[in-house]
Amino acid sequence: MPPHLARWTGLAGSTLLALSAFLGGAFPSGPLRSTPVSIWQGTNGPLILTAWAVGTGLLAYAWWALRDGGPSTRWALVTVGLWLLPLLVAPPFGSRDVYAYACQGASFAGGISPYEHGVSALPCPWLDTVSVIWRDTPAPYGPLFVLVAGAVVKVAGSLNASIVLFRALSLLGVVLTAWALPVLARRAGVPAKRAVWLALGCPLVAAHLIGGPHNDVLMLAALVGGLAVVASHRGRRGMLLVGGVLLGVAVAIKVTAVVVVPFAALAATAGPYRIRTLIRDGGWVVGGAVAAVVGVTVAGGLDFGWVGGLSQGGAAIAWTSPPTAVGQTIGYVAAPFGGHLDALPVTRGIAVVLLAVLLVWLWWRARTRDPLYHAGLALALTVALSPVVHPWYWTWPLFVLAATARQTRWFTVVALVASFLILPDGTGLPRYTKTVGAPLMTLLVIVLVIRLVRSARAARQPVAAD
């Protein structure tokens, strides 16, 4: 597809997504739970779903068609900016999380710790906009985002103004990431235009990080910025400290970013890996990250309750999480034989242990390879083995891998599929396709495991002499 045609095709797609949001987005007064059938039968239902499907398809096609990044980095940035415009002025799209942000900010501003109480503990004046399952759960976000949410609510004074400010912050995150991505890509030997296009042009960015809006993009801006600083200043202690602080800011927004810190410490070392150089250079990165998290927590008068709040995310059950899909499939297989197995706690628990083991193995492997690329792989594993995987979670590894990976097809395909899983009002299609989706995801897991085992065996076999 010619670049100019891709640009306008994507803009048409994002405009249709904005139209679907105006007609049937995640409005404050909308139903807290819908089904695809109820949406179709409702006012403008066929138009809402058609605009969503065609819009997502056009946006995805235009992004996929120019996987090499198009003519230049500037062209990619201008095109992405055009694609974001329609959703900047649309109602919340694909999620009601922004209402939870506002209520958590209102709770904090009212003197209530969102780590000790759910948003059902007033003074949140917009409680009826928050999904029921999240009203009594503590905030799973880091202390910095809680402080930001409280400031937003204080400044805005109303729900609509708060949404505008949260979206403005998401746009700021995109802008900061647009600055950091080319720097990181050049250090990793990847074309900057491709990195910008794959990361920021992805349909998940326009639809969910901006359309949502979601705080993930703030975490990603700090994370990518921190990696860019570290990669650009290996061995320079002052700048490594700055990079570590940026990574700590990312962790203080969402704890997921912590998996990147050990790899950033490896990337900070000048010269071949040695324990002495790792401590000398990587220590500044780790120290900066720890200082940022502790400093924000203490300055905000909060505690580390947000770590415990992470477990509350398991209340949602969807086959988009591989360990959840395996647990669901085990239950489906046992049912015809009279078994009523709840395998989710077991499969999710195994996934947590497996994730810990794989992260250590990845880090050890990264000592003699590219630690920046392995940081992206660590984020991919973290998402894949999480008990709950929302589509926009795939932007976490996408942003890092877009700037560090040589082969891009596998993670771009995952992001492409994820773009079609959430309807404009936040209704998740996985909820209504679990009897098909869970077995298919389980089959995919089995196939991947078999291929990985075979690849590992082949790598260990000695090469026959000629």
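## Disulfide bond

In this predicted model, C103 and C124 are joined by a disulfide, with an S to S distance of 1.8 Å. The link of C103 and C124 is left-handed, with -45 degrees about the S-S bond. The pair connects distant parts of the chain: C103 belongs to helix α5 (residues 97-109), whereas C124 lies in the loop between α5 and α6 (143-156), and the two cysteines are 21 residues apart.

## Burial of the cysteines

C103 counts as buried because its relative accessibility is 0%. C124 is likewise buried, its relative accessible area being 4%. Another cysteine, C202, has a relative accessibility of 1% and therefore also counts as buried.

In soluble globular proteins, nonpolar side chains tend to be buried together. The largest nonpolar core of the model holds 127 residues, and the members that touch the most other members are L223, L227 and F399. Helix α10 (residues 216-232) supplies the largest share of this core, namely eleven residues.

When residues up to four places away in sequence are not counted, the contacts of L223 are L247, A250, A257, V260, L379 and V400.

Methods
Residues are numbered from 1 along each chain as its sequence is written. This is a predicted model: local features need pLDDT of at least 70, side-chain atom pairs count only at pLDDT 80 or more; totals for chains, interfaces and linings use all residues. Side-chain values use heavy atoms; hydrogens and water are left out. A disulfide is a pair of cysteine sulfur atoms within 2.5 Å. Helices (H or I, at least four residues) and strands (E, at least two) are DSSP runs, numbered from the N terminus. Buried means under 20% relative accessible area, exposed over 50%, partly exposed in between (1.4 Å probe, protein chains only). A nonpolar core is a set of buried Ala, Val, Leu, Ile, Met, Phe, Trp, Tyr and Cys residues joined through side-chain atoms within 4.5 Å. Contact means heavy atoms within 4.5 Å.
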